[in-house]
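Here's a quick briefing to read with the model open. Have a look at the fold before you dig into the points below.

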Amino acid sequence: MNKATNFLLPKELEAFRSEIEDTLLSTIIIQPYQRSTTLTESKFAGEPYLPSFQTYPKDLTGEPMRLLAQINFAEIPPLLGFPSRGLLQFFISANTFKTTTVNYYEDIFQQFYKVRFYPTVNDSTAHSQQAHFSIPTTLDGFPIRQELALQFQLTQEPISALDYRAQRHLPFLLSSQMDDVQEIYLQHFLGAGAKIGGYAYYLNEDIHQESLLLQRYNVLLLQIDSHDELGIMWADCGVGKFFINREKLLQKDFSDILFQWENY
């Protein structure tokens, strides 16, 4: 946790500044915008970097997946615990959205999504997957409708209101005598948006709450929130999240990932 003496708070929360600042985590806010990208640039959707030795990811049924996000760590501000270079990719299958329940999906098996990390990036060995087969430009339910370039900003944020750890760190959020304060905290600190690190945004409740298994996925690796103007929409205005274990992240081992998305 990190202290930030210039951290802005609504005046109604100033009495709890010390407790709130104790929960601060560094996070990188992602600002997507419409622009064509190169194979190795950070992006949402679009065409992924694919080294000549690598095959294109397919789901359990053999269907090719589609790139959801690509993060080139050389382009982002340094973030403690995360790689300083290398390229991280997130792929999703169309079947993810065909077989899911009405408003919730959770998976740790990477059968209908895939996370890949390349410690080094070599433009000269990259090739286009289009040379091998065609990836559909539209997939049922795919949350990003167009290629988007990314800008990054390092900041700090307090624990999100629905994070299961908030009950321990900010007990005033549970007090029946503090309804007004709870409402103000909910308005300002839900954890929404696109980001790397920090705290996640939950529409209902934190999925880690009742599961020791899921609690081991204790770092938010990537979050992509709906943004209608940019063509990002998880079903009915939802949010997608990828979590990783802190030790696995330090080891740059991205084989064990929790993927969860939900919508209203």
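Predicted model: local features only at pLDDT ≥ 70, side-chain atom pairs only at ≥ 80, totals over all residues.

Residues are numbered from 1 along each chain as its sequence is written, and side-chain values use heavy atoms, with hydrogens and water left out. Helices (H or I, at least four residues) and strands (E, at least two) are DSSP runs, numbered from the N terminus.

**Nonpolar cores**

- A nonpolar core here is a set of buried Ala, Val, Leu, Ile, Met, Phe, Trp, Tyr and Cys residues joined through side-chain atoms within 4.5 Å.
- The largest one has 41 residues, and Phe44, Phe90, Ile196, Leu221 and Phe242 have the most contacts inside it.
- Strands 1 (25–33), 3, 4, 6, 7 (148–157), 9 (219–225), 10 and 11 each put in at least two residues of this core.
- Strand 9 gives the most, with four residues.
- Phe44 touches a list of residues that includes Ile30, Leu68, Leu148, Ala194 and Ile232, leaving aside residues up to four places away in sequence; a contact is heavy atoms within 4.5 Å.
- There's also a second, separate core of 17 residues, with Phe7, Leu24, Leu170 and Val181 among them.

**Aromatic pairs**

- Rings of Phe, Tyr and Trp (its six-membered ring) pair up if their centres lie within 6.5 Å; planes under 30 degrees apart are stacked, over 60 edge-to-face, and the rest tilted.
- By that count, the structure holds 16 aromatic pairs.
- Tyr56 and Phe91 make an edge-to-face pair, because their ring centres are 5.6 Å apart and their planes sit at 80°.
- Tyr56 is in the loop between strand 2 (43–44) and strand 3 (66–72) while Phe91 is in strand 4 (residues 87–92), so this pair ties together parts 35 residues apart in sequence.
- Tyr56 counts as buried at 8% relative accessibility, and Phe91 is buried too, with a relative accessible area of 1%.
- Phe90 and Phe242 form a tilted pair, since their ring centres are 4.7 Å apart and their planes are at 50°.
- Phe90 belongs to strand 4 and Phe242 to strand 10 (residues 239–244), so that pair ties together parts 152 residues apart in sequence.

**Helix 4**

- Val181, Gln182, Ile184 and Tyr185 are the buried residues to look for in helix 4 (residues 179–188).
- Down the helix axis, the buried residues of helix 4 fall within an arc of 165° (taken from the directions from the axis to the C-beta atoms), so they line one face.
- On the face turned away from that buried side you'll find the exposed residues Asp180 and Gln187.
- The buried residues of helix 4 pack against helix 1 (17–21).

- Most residues other than glycine have a negative phi.
- Gln110 has a positive one, near 55°, in the loop between strand 5 (104–107) and strand 6 (113–118).
- With 9% relative accessibility, Gln110 counts as buried.
- Lys252 also has a positive phi, near 55°, in the loop between helix 6 (246–250) and strand 11 (257–262).
- Lys252 counts as partly exposed, at 43% relative accessibility.

Methods:
Buried < 20%, exposed > 50% of the residue type's maximum accessible area, 1.4 Å probe, protein only.
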